[in-house]
Each structure stands twice: as structure tokens, then as C-alpha cells.
Amino acid sequence: MLTDLSLAEARDGLRRRDFSAVELTEAHLDAVAALNPRINAFITVSADKARAQAAAADAALAKGEDRPLLGLPLAIKDLFCTDGLRTTAGSRILEPFVPPYESTVTANLLRDGAVFLGKANMDEFAMGSSNMTSAFGPVQNPWTRRGDNRALVPGGSSGGSCAAVAARMALGATATDTGGSIRQPASFCGIAGIKPTYGRCSRWGIVAFASSLDQAGPVARTVEDCAILLGSMAGFDPKDSTSADRAVPDFAAACRRSVRGLRIGVPREYHSDNMPPEIEAMWQQGLAWLRDAGAEIVDVSLPHTKYGLATYYIVAPAEASSNLARYDGVRFGRRVEGEDLTDMYEKTRAEGFGAEVRRRVMIGTYVLSAGYYDAYYLRAQKVRALILRDFTDAYAQVDALLTPTAPSAAFAQGDKMDDPVAMYLNDVFTVPASMAGVPGLSVPAGLDGQGLPLGLQVLGRPFDEETVFAVGAELERAADFHHLPAIRAGVPA
Amino acid sequence: MSGVIEGRDGPWEMVIGLEVHAQVISRSKLFSGSATEFGAEPNTQVSLVDAAFPGMLPVINGECVAQAVRTGLGLDAHINMVSRFDRKNYFYADLPAGYQISQYAHPVVGGGSIEIELADGSTKRIGVTRLHLEQDAGKSLHDQHPSKSFIDLNRSGIALMEIVSEPDLRTAEEAGAYLRKLRTILRYLGTCDGNMEEGSMRADVNVSVRRHGEPFRTRCEVKNVNSVRFVMQAIEAEAARQVEVWESGGTVEQETRLFDPARGVTRSMRSKEDAHDYRYFPDPDLLPLVLDEGWVAGLRAGLPELPDAKRARFVAEHGLSAYDAAVLVADQETAAFFETVAAGRDAKLAANWIMGDFFAALNRTGCSIGDSPVSAGALGQLLDLLADRTINGRIAKEVFEAMVDTGESPAGIVESRGLRQVTDTGAIDGAVDRVLAAHPDKLAEYRGGKDKLFGFFVGQVMKAMAGKGNPALVNEALRQRLSA
Amino acid sequence: MSLDPATVRRIARLARIHVGDTEAEQLAGELNGILGWIEQLNEVDVEGIDPLTGAAQMAMRLRPDTVTDGGIPELVLGNAPDRAGTFYAVPKVVE
């Protein structure tokens, strides 16, 4: 089936004219039509646009054009503004919003010939680890526990992107990661996903959650597919002051590099007594694979790991409370009328934002408010400096780090909803790299006892995604992960 | 205007500090590429960045930074080689992002000072606390619709320099002098056009009152006053209000107020009633602003001569009085005009002509120095005609008025109207003879000792010569004939 | 540091989010749970540490002063919930 191809295989098939871009896109649109009512991975499906893009790709292919993503159908997280295509950020407040501009990352993908199937569901404003906070309904993980049909969460916030790719509704997808929003859902959905170095992908045109942390990255079913997609997404953008003016390496080539001689760090603080034994075992297995491939395993310390989450839950809400002030019902989005301007603001934002967003905006407002700034925000920034120092020190000894991606496999929809902190703990392994801005890749490594995928996380030095890809590709080869989710294209419901 | 308010139970002193918002002269906005021109159609000079659309990001305009640094150098201020941008968070309809990008903790320019000149000839140095860059807000129009306010974001995101003075000002006059001097410096530097009517320079006035020798009492801020005159009036009105509050046993509350020029009073601002808690924090969309030493040195080398230096030079080089020099340097174009006219000529005479007939003509015609019908070159030519005695002083005024009316050259006017001075002694003697013959009675009176009739005879001779007689020769000829 | 419902209402007002009385009670509980958990940062010795604002370790680039944007009122106003001509419209503000 065309939908079972990897992105690289589909690219090669198009080049060989084994099938047309229109056929490839139609196959994926069929999968979307069949599966989306159940999985809810897409908020908006842009079928007509996708068909037109695919037809244009076929014309270009016929002329012998060779662009990296020509004719390859993708899902776009609904946090990326897309010109003329509704962009909601998973929020009621942006429900009617149609941007008159294209984000730099998606513009880069279009430049390289990609086909956009539609906008992927997500936690509202990317705030969440389960996709339960979307105003457009939860996303169901295509994976289910063995012998148990209960709907599981795909993780979040890029849950729609990851579910769409896992269920073969798209060859790959864009995603964003602020504290783990690429890596954790990739792990939950049994696919690969990389958060590149902060500054690698332009943030221009991506609805902001926490500006000092937000990074776009790809999710796909193979490490190489992620490398191909990142190669198109990345690049310097003068419209983003935090964009790094660096050349984009050949990430796909890096996937074929050997890991022999690389020093792989094992951060001892990631071990804990409450880590499920299956995850601990998977981690050890990953280390063994790398050792077998010639890497040297080194014990390292990231002493401030345990403070990462608390730091994150000050910094991210603080920035979000300010970033989300623009949703006021004046220039775009939903407005709820009020008696006066202030009343209009308060009603618009109370009704437009969901509970988790309101909670985080309140926390952020509080930690920045007079009398609390030093105790919370300033202290968090100092701890953040210590977390960065941890990584800098570790990378003086090792080339990359290996950890589990998440402390658990996918959980059931509705779980952890009563206690915000329990939900936040999902990001315990992913947040430190976000705070430090270093790249992190999640690779599917195996299944737990209930048949759910588990991911391993490879962290690298700033702007050394190539080593991360090399290590990730080695793990992928060793794991030989070919398990399939229960819900996927071509399987009757 | 003295700084002392006589209260019911003794005198009060005013304490005044000014926060001036000066719009930076630049083609595009501080963080976006939209234009900054004044007066465009609503929302036509607005980018998606200015309107704070989702995902839009600020990128700083280097020229705005250069302008702030130039201004700092012009105020003798410390330039901070590393500064930072913060977000000032508050909700308002004309603040699209819900925050203003400003520099709170680490401004680009630190302490400096401005010397002001007062009417009694004294000078006073006023401290400048800091200068920082920030975004302007849009404009709300409240009078276009019965139940709605209209928002125009053309101004949103234009670069402002906020220039904060120390509370060193003690009178409304000092505040006025400070504002005018600051405006002059900004105009010299070309960093702000200083146009208060168009709002490109606005002042927030902090006023408190105290008994002599006391520490500062609570201050109030009078927002957005848009002329020097109104600033001075607002200070007087607000200080008087505070004295009244204190003397009737009340307490002045720290608050933001508005000045109503029509009624000459300040009033509390309703929309600012909410407790302020701006939640400043470093803008994560931006990076630290790190200046290069060589770049700053280049800006310093490119600064024009500033008014204080120019004034000192006019006194030293041209022998002008301090007062005349101060008047001429108050405006850069006037100073340049003066220098052109004075070049190689009698500088004091040039200054007198400019401050006298020339300014009067500008006033009368409503022209500015830039579109004056009399150029500096033409005025210089007129002074040359005086110096080489082609015309006399009285004719010169006539020629000048003709220059204002026609724009013609002074030489052309003198020739076409036959205004050349008569130095032919035969012609002068003839005119003297005719005048004396025509006034035998006056001649008798003069000879009888009424000396002051000499002036009458001079006038009559000049009149007979249509004003063109050389005054010295006319005097000489008359003196000879009358004493004969 | 513990949030009472009155503080929650003050914060909600600052954030311009309408919060009813029962909601304020509930939010106070949730926010206190989060803040209590965050208090663990007080264990960290941050003496002498410079705060880190962001992950990008560079100085800021300066843009040239050229007009490259604007002149798009229909794009700027096209999503507005209420407009009057080429103005945005909001409930009347009394200054």
C-alpha cells in the first residue's frame, strides 16, 4: 500500500514514476477520510488544495524537476500559520482565524514541493501532554493495549501530527516542541521525532507558546524521514531574531554515519526508583545496542535534572501569559461582546481559552507579578542557567546522551486529568533539553508488555543534530521496530 | 513664574521631572518594516507584526538603535554597550500584542545632562536619568461613533526614545526651558523632529510639592501633554491642586492624570484606574543588544556641532552677545543661515538684521526659514551693498522689504528702482540750498539757538533726495552751510 | 506563598480572564498545587548565577532601515471581528 511507504521510499517511487503524486495523495486522503472520524488527528483537511499541489507536483516531476519533497503528502500541526488555510492552535479563540501568511517552516516545505493534507490536531496552544486540551476534541492514539480497546492518548502537544503519521494518514508531519511536545507523542505513537537545536528552525509564523523554548521539528516513521524533513524545514530566517545563521547540513547523510568511537553519556539522574522496569530495561537495551555498534558508554551527571520541570512550569507559563495577551478579540479570532472594553476582553478570553490555557496564563501572570518575580521567575532563570551548565559540562565528556523519552507508555484518555502536576510529569525527561536548547530525537525502540511502543531519546550538542541522527539511526537499525498500530490505513475498523 | 506657591500657611516648592517620548526619525518602525510617515490613511502603515498577528516576530531596526545612541552622545550620556528589551504587559485596544517592547532594567543610554538657559541669563544643569528605546502604541479615536472606539495602528511600533529627567526642575519656566532645549538638541542631531503638534514629541510630567527642605512628597504623573505651553500650564495647575489638597488636610494619591487645556485643570484618568502591574520581563523573542565600540565611535565622529558648542563659538568667533548667540542657535537652520550671512561680513550687523527685519518678515509672511523669500546669500548681498556704501541704511530697509515682496536680488532692486546712494557733493549742496531756501522761518529759529532743528533739516534734505543721500555727506554739507 | 481566591481574582483581572466566584475557589486550589510543587526550586543554590533568558547564545542582528512592509490594510483587517472602514472597532473607551 502506498500509505505504508516511508517518506524516502515514496520519494524514490515518485522519481521512478512507479506511481503519481496524485495517486499518493489520494491514497492518504482516503486514509484520512476513513480514519479521521475515529482518530481525530486533523482539525482541518485541505483535500482540494492537496490534490492541486499533487497535480502540480506531477507536472513538475514530468518536467524532470527534483525537489527534496516533491509530491510528498504531509500533515501540518495547526500551530503553523498557513496562508489562506484556517489555523486554530487547537483553540476556540482562533476558531475562525485564516492567516494571510505562511510560516517560514511550511513555506520551506512548499518550496521543496510538499503536499499539505491538512492541519493536525494538538493540545490547545501546545499546552498539554495528552492532546486532551484541544478545543476540537481529543485525538485517539492509533495504538491500543493488547486485548483492550480503550482509547489511549497519543501524547502531546503534537498528538494529531504523531497519530496521523502512526496511522499512515500522512508520510510525515510538522510538529513543535516546547518541553517535549515532539518527543513524548512520538514515543507514545511509535514513531520518530526530533526537536532540533533552538534556532535551527525559524519560529516566524508559528503561533507562539513560550518563545525561548518553542522549536519546530518533524515527526515521521523513520529517522531518515525525519532527517529529510528537517533538512527542508531548517534554515536561517532574518525574520526571527533568534534564528541561527548557520548552514543546514545533510542530515540524511548523517543517518548513515557509524557510531563507532562515539562517547554516549548516561545521565545518572534519569534513573529513579519509580521508573517502570520495562522502561529501565529498554534503556539498558539501547545502551547495549550502541555499545555493540562500537560506541563507548559513559556515566555522566546532570545534577539539576530534577529541577527541570519546576523551572519549565515557571518559564513557559510566564512567557505564555504574555504571548497569549494578543488574543483579545480585536484584530482576529473569536470575540465575545461585553459591556465595555475590559468586559469584552475578560469574556472573550474566559470563553475562548480552555481550562489548561487559563490555568497556565494565570500561573504565568502570577509569577511575573509585582513581589513574586524574583522568587519565581528570576530564580527559575538562574536554575535554567544551571541546567544549561549541566549539559555543557556533560558534552565536554560525551558526544551524545541516551535516555528514555517518557516515563510511561501511552495512557488512557481521561487519565491524569484531575491533577495538573501528574500530567506535567510526562515531560520529566524531555524538559531539560528544552531548557538548554539542545537537540533531542525520540526513536521507537520496542513495545512494553501491553504492546505499546516505547521510545528512547538521543540528546546532542547544540547544532550537532548530525550526531543525534547517526545515533538514532543506529538504534533504529538495532531495534528493527516493525510493529504496527491497531488502527491504521487499510485495516478495517 | 517663580517656583514658589504661596499657600495659606506658607510657601511650597515644586518638584518636577519630565519623561519625554520622542519619536525616532527613521524610515521604518522599530521592529517591523512598515513606514513611519505621519498622516497616512488608517491602518495602511501596518504590518502583521505591528498588528501582533499570531507567530509574528520583532526584528530590530539598526538605525533606531543608532539614533538612540546619537541622542545619548548628544546628551553627554553614558552609552550602555549591552542593553536589553523587556515586555511591559498591559491590555489596551491600541496595544495589539498586549505588551509594549521597552527597555526597563537595562536601557541603551544611562545618565547624562542638559544645560538650560533661563530668562534672567542664568543657566542650570538638569540631570538626565536614562534614555531607552520602546515601541509607540496605536491611536484610539473615541469621538467617531456613539458606542465604539476606532483603532488605527499606523503609529503602532514606531520607535520612541523615552528620555527621563531627574526631578531637578523647580519651576514651570525651567520645565519649559528644558523641553525647548531638549527639542533643539534632538533636532540638531536629526533624531526626532520635535513636532509636538503631530505628537512626535510628548511629555509626561511628574509633579509634587513640598515645604522647603523636606524630602519629596507623593508625585502625580500628568500624561501626554503636547505643547511646551501646556506643560507649563499643567505644572502650575497640578502643583496648585496638590497644595490645596495638602493644606486642606488631605493626602495626594500617586496617580496618573490628564491635563485639560480648555479648563486649565488636571483630572484623574479613568482608564488607568486599575492597579498597574506591568510584569516586566525580558522579551524572549529578542536577544541582548550588544554594541560595537567602533560603531559607537563612528556615530560619535558623525555628530553635528551641538547648540551649546555652537553658541560658545558664536560668542568667541563672531563677538556676539551670549543672548544673541542663544537666540541664533535655538534653531539649527537659523544658525546656519546666520553663519552664511556673517561669513566675511560684520557678524553683529548680520545678527541684528536676522533677529530684526528678517524674523519680522518671516512672522509677517508666515514663512519658515526654509521657504523664506530672502535667502541667506541675498541678505548677505544686501549687507555688502551697505558696506560698500552703494545704499544707505534707510534705503537698505526699503530694499529688504522689496526683496521679501518680490524675491529679487538686492542689486537688481537698487538698480531698477534707482536707489543707489547719492555721494555727489554738488547734488547734495544743491538739495541743502533748496531746503534752506524753502524754510526761512526754521532757519531763523535755528540760528536763534534752536539746535535741535538740525535733525529737521537732515530729514528734509533726505526727503528732497528721495532718501538716497549719503547720510554722512548730507550732515557734513548741512553743518557747513548752517555754520557759515 | 499561598493563593487565596481574592488573589486569584486579582491575577485573573490582570490577565483579563473572567473568573466567577466558585471558579476562583477551584482555581486557587489548582494553582496552589502547582505553586507548591514549584517551591522545590527553593532548594537550589543560585547564589552568583546569572539568569538565563533564552537558549539562543548570540547577540542581536540589526535590520537595515528600509520600508519593506505595510500597505496591506485588507490583510490586516480581514480577520477583525468588528471594523469600521479601515479602523478596528471596539467598545467605546472612556479615558
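1. Buried means under 20% relative accessible area, exposed means over 50%, and partly exposed lies in between (1.4 Å probe, protein chains only). At 0% relative accessibility, A:C81 therefore counts as buried, whereas B:C367, at 24%, counts as partly exposed.

2. The model is predicted: local features need pLDDT of at least 70, side-chain atom pairs count only at pLDDT 80 or more, and totals for chains, interfaces and linings use all residues. Residues are numbered from 1 along each chain as its sequence is written, chains are lettered from A in the order in which they are written, and side-chain values use heavy atoms, with hydrogens and water left out.

3. For A:C81, the nearest cysteine sulfur belongs to A:C201 and is 16 Å away.

4. A nonpolar core is a set of buried Ala, Val, Leu, Ile, Met, Phe, Trp, Tyr and Cys residues joined through side-chain atoms within 4.5 Å. The largest such core has 220 residues, and those with the most contacts inside it are A:F125, A:M169, A:F391, A:F469 and C:Y88. Helix α13 (residues 374-395) of chain A supplies the largest share, 11 residues; helices (H or I, at least four residues) and strands (E, at least two) are DSSP runs, numbered from the N terminus. A second, separate core of 119 residues includes B:L75 and B:V341.

5. A salt bridge is a side-chain nitrogen of Lys or Arg within 4 Å of a carboxyl oxygen of Asp or Glu. A:K77, in strand β2 (residues 73-77) of chain A, is buried yet has no salt bridge. The nearest side chain of opposite charge (Lys and Arg count as positive, Asp and Glu as negative; His and the chain ends are not counted) is that of A:D123, 7.6 Å away.

6. Chain A gives 39 residues and chain B 29 residues to their contact (heavy atoms within 4.5 Å). The two chains bury about 2,700 Å² between them, 60% of it on carbon and sulfur atoms; buried area is the accessible area (1.4 Å probe) that two parts lose on being put together, summed over both. One salt bridge is found across this interface. B:D285 forms a salt bridge with A:R203, the closest N and O atoms being 3.0 Å apart.

7. Over all chains there are 71 salt bridges. B:E13 and B:R210 form one of 2.9 Å, N to O, linking strand β2 (residues 10-23) and strand β11 (residues 201-210) of chain B across 197 residues. Both B:E13 and B:R210 are buried.

Key: Disulfide = S-S within 2.5 Å.
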